[in-house]
Amino acid sequence: MESTRSEGDELIEDYVECLMSLDANARPCENDNSSLATHAEDPTSIPVGIIVQPIRELAPVGTEDNKEPTLGMEFESDEAAKSFYNDYARRLGFPFRVGRSRRSKGVEEVLIMKRFVCSKEGIYRKKPSSEGTRKRERISMREGCKAMMEVIRDSDRWVVSKLEKAHNHHLGTCSRVGYLRARGFIDTSDKASIVASDAMTLLRQNAFGEGGDAQGLLDYFKRMQADNPAFFYSIQVDNNSCVTNAFWADSKARTAYGYFGDAVVFDTTYKKNKYMMPFVTFSGVNHHLQPIIFGCALLIDETEFSFIWLFETWLAAMGGRPPVSLITDQNRAMAAAIAKVFPNTCHRFCKWLILSRSKQKLAHVYSAHPTLRGELEDCVIKSETIEAFEARWASVIDKYDLRKNTWLQALFNIRQKWIPLYSKDTFFAEISSMQKLETMSDLYKKYFNTKTSLKVFLTQFELAMADRFEDEAQADFETLCTKPNLKTASPIEKQASAIYTRAVFNKFQEEFVESLGYNVYKIKDGASSKFSVTRDEDSLETFIVSYNAGKKTATCSCKNFEFSGILCRHVLGVFLMIDVRVLPKEYFLQRWTRSAKVGAIMNELSAEPQNTCQESITSRYNDLCRDAIRCAEKGATSVKIYKAAKDVLKKAYDNIIAFEKSTSKGAQRDVININEEITIDDAINDQSLQDPERKVTNLLGQLLGSSWSP
C-alpha cells in the first residue's frame, strides 16, 4: 500500500515526532540548593566590541564529514536515513520532502519503504475548475527534478535501494521561500523564479536593509558603543562573508542580568506575525514583576549551529554565568543547542505558546465542544499538584473521548517539559500561575507598523525600552513613597510590606490572606515536625509542611518557594498556627525586595573582577566602566544626587590625574605605559601614591555607599 503525502503533513508529523522524542530524551532538571535565585557575575567584566564568527559546518550524526549518499548505505532506522538526507540536502542547498512510502500487507501494516525527493520533484498539473467558479492560481515550485534517495527495510536495518543525485535546477543555500512567502516579503509574480540563494538574500535585505550587507546595523552598533563603551555586539557570517545573525546587548541589559538573570525567557514569537522581523530577545522579570530585556538578536539562520552561536555569544556578554532556568518555544534545533550550551540549566517549553498552538491544532474539536478549551486550560493552569493535574487531564480526555488524539497524547507524553508542576524544585520567577510576560509579538503590535524598516525598528525599539525604564522608575517611586493597605494586624504582613516591592507584596499578601482559609493538622511531633495542610472541599490537594524548630525553617511539598521565591500559603498557615511572629530573613529573596539592585553585583561578585582586572588593558577598561555605570545609575535618580555625583566624579578624576603625574616623578622611575602590566603590589609599595589612591576610594565610597568594595 503506497501513499503520497504533502509537505504540510510532513511538517505536522515532524512536530509531533519531535515532541515524542523529547519525551524519550528529556533531561531531568536536577539542581542543588543553588537552584534559588542567585546574582550573576558582573557582565561588564568581559571585552566589548564586534565579534565576527563564521557558521560552523558539522558532519551529520553517525556519519563522516560531508559524506555522500551511496547505494547500499545502511541506517539504523528510517528516521536516521531522513536525518542523514536532511543534512545532505542542507549542505547542497535544496529542500526535500517524503515523496512516497510503502507499508507491508497483512494484519500489521509495517513501514517498509520511504523515498525522500527534492521538493522540485514532479510536474504541476492544473486541475480543471467547475464552470462559474474562480480559484486563486497557485505558483508551483515543481520542475520535474528526479533527485531522490529511497530506503527499504531489510530485517533490522534500512538500506539505500535507489539513488539519484543529479538535479535539474540551481542549488544554493537552503531555501527560505516558504518563510518569505508567509511574511509577505516576496511578490506573487516572483514566487516561481526565486531560488534558494535568492531567498536568503531577500530575507537578509528585509532584516539588514538594502543590499543585505548590514551596514546600517553596523553603524548603529558603532554609534551605541561610542555613546556607551559597555555596549556589546557580535555578528555571525556565512561562508560567503554575508551576515546571517547579529546579537547585541546594552549596558542596562547586561547590568540587569546581574540582578535578575536567574530566570530567562528566550522569545521567538516573531514567528506568529508574518510581518515581523526575525527578532528574538532574552528577557526576564524585575523586582516589580515587569518584563526586562537581557539582549536582542536578528536571527536569519535557524539551524542548531546558529542557535549554539547565539547562546554562547549571549552567555559571554552576560559574564559567563548561565541562568538557573530557561523558557523557550518548542524547536528541535533550539532544544539541541540549549542542551549543549546550558547543560545545567533547567529548560522548559512555554505553556502559553503550547496552549495557543493547541487552539489551532484542536480547532475542530473546540468547535464541537465549546467547553473543552476552558477545561483543558484550567487543568494546566489551576492544578496545584501533579496528582491533581494528571487526574483532571485524564478526566477531560475521557469526557470528550480524545484518547486517540495524537496532539494531546504527544503533549501529555512530554508533560515534564512544559507543565510547571514538574519543575517546581527549580526557580522560574513565576509568582502566579497566570503570570504572562509581554512577548515580542505584543511589543511589535504596540510600537511598530507592518514591514517596518530596520532603521525605524531600532529607533522604535529604543523608545520602547525607554518606556520600560520609565515604568520601573515609577514603580520604584510608588514603592518608596506610598504605603500599602494591610488586611490583617499580623506582624508578618507588616514585615513583608516594608521589605518587598509593592507588586511582589501584593502577591505575598494574597498568599497570606489565603492561608487563613486552610486547615492545618500536626501529623508528626518533635524537633522536626510535620503538618498536613488542606482545604475541606478539595481533598485531592493536600500539602505536607515540614518544620524545623531549631532552625525555624519550613519546607512545603508544593515547592512554591523554590519555584517563585515567596512563601506559599501552606507554610504561612503553619507559621500562624505555631505563632511565628517574624519571618526569618532567608525567606525574603533579595531579587524581590526594595534593595534588589543595591550592592548585589559589587558585594557578591566583585572578587572575580578584582582578580582579573589586571590581565589586559581591555579588562581594566571594562572593570572601570562597570564602576562608572553604577555611579551614573545612582547619580541620575535626582537632581540633588546628580550634582553630588558630578562633584565627586570630578574630584576623583583630578586625583587620578594627580596619581598619574606622581608616577612620573622620582629618581629613576619610568613613565607608566597603558599597555604595560602594572600590578597592585607595585602601586602599594610606592608609599608616595597611597594618599591619592585613598582619596579616590573614599570619594567613590561616598557616592556608592556601603556597598563599595575597593
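Is Asp525 buried or exposed? Asp525 is exposed, at a relative accessible area of 59%. Exposed means over 50%, buried under 20% and partly exposed in between, with a 1.4 Å probe and protein chains only.

## Basis of the model

This is a predicted model, in which local features need pLDDT of at least 70, side-chain atom pairs count only at pLDDT 80 or more, and totals for chains, interfaces and linings use all residues. Residues are numbered from 1 along each chain as its sequence is written, and side-chain values use heavy atoms, with hydrogens and water left out.

## Overall fold

The chain has 710 residues, and 47% of them count as buried. Its secondary structure comprises 25 helices and 18 strands. Helices (H or I, at least four residues) and strands (E, at least two) are DSSP runs, numbered from the N terminus.

Contacts are heavy atoms within 4.5 Å. Among contacts in the chain with a separation of 6 or more, 65% come from residues 24 or more positions apart. The accessible surface is about 35900 Å², and carbon and sulfur atoms supply 51% of that area. The areas come from the Shrake-Rupley method with a 1.4 Å probe; for residues, only the protein chains shown count as cover.

Side chains of opposite charge can pair when their charged atoms come close. A salt bridge here is a side-chain nitrogen of Lys or Arg within 4 Å of a carboxyl oxygen of Asp or Glu. The count comes to 25 salt bridges.

One of them pairs Lys114 with Asp78, with the closest N and O atoms 3.2 Å apart. This pair links distant parts of the chain: Lys114 lies in strand β5 (residues 111-118), Asp78 in helix α2 (residues 78-92), and 36 residues separate them. Both partners are buried: Lys114 has a relative accessible area of 5%, and Asp78 has 15%.

Asp525 forms a salt bridge with Lys522, at 3.5 Å from N to O. Lys522 is partly exposed, at 43% relative accessibility.

Lys651 and Asp647 also meet in a salt bridge, at 3.3 Å from N to O. About one helical turn separates Lys651 and Asp647, because they are four residues apart in helix α23 (residues 639-663). Lys651 is partly exposed at 40% relative accessibility. Asp647 is partly exposed too, at 38%. Elsewhere, salt bridges that share partners join Glu511, Glu514, Arg535 and Arg569 into one network.
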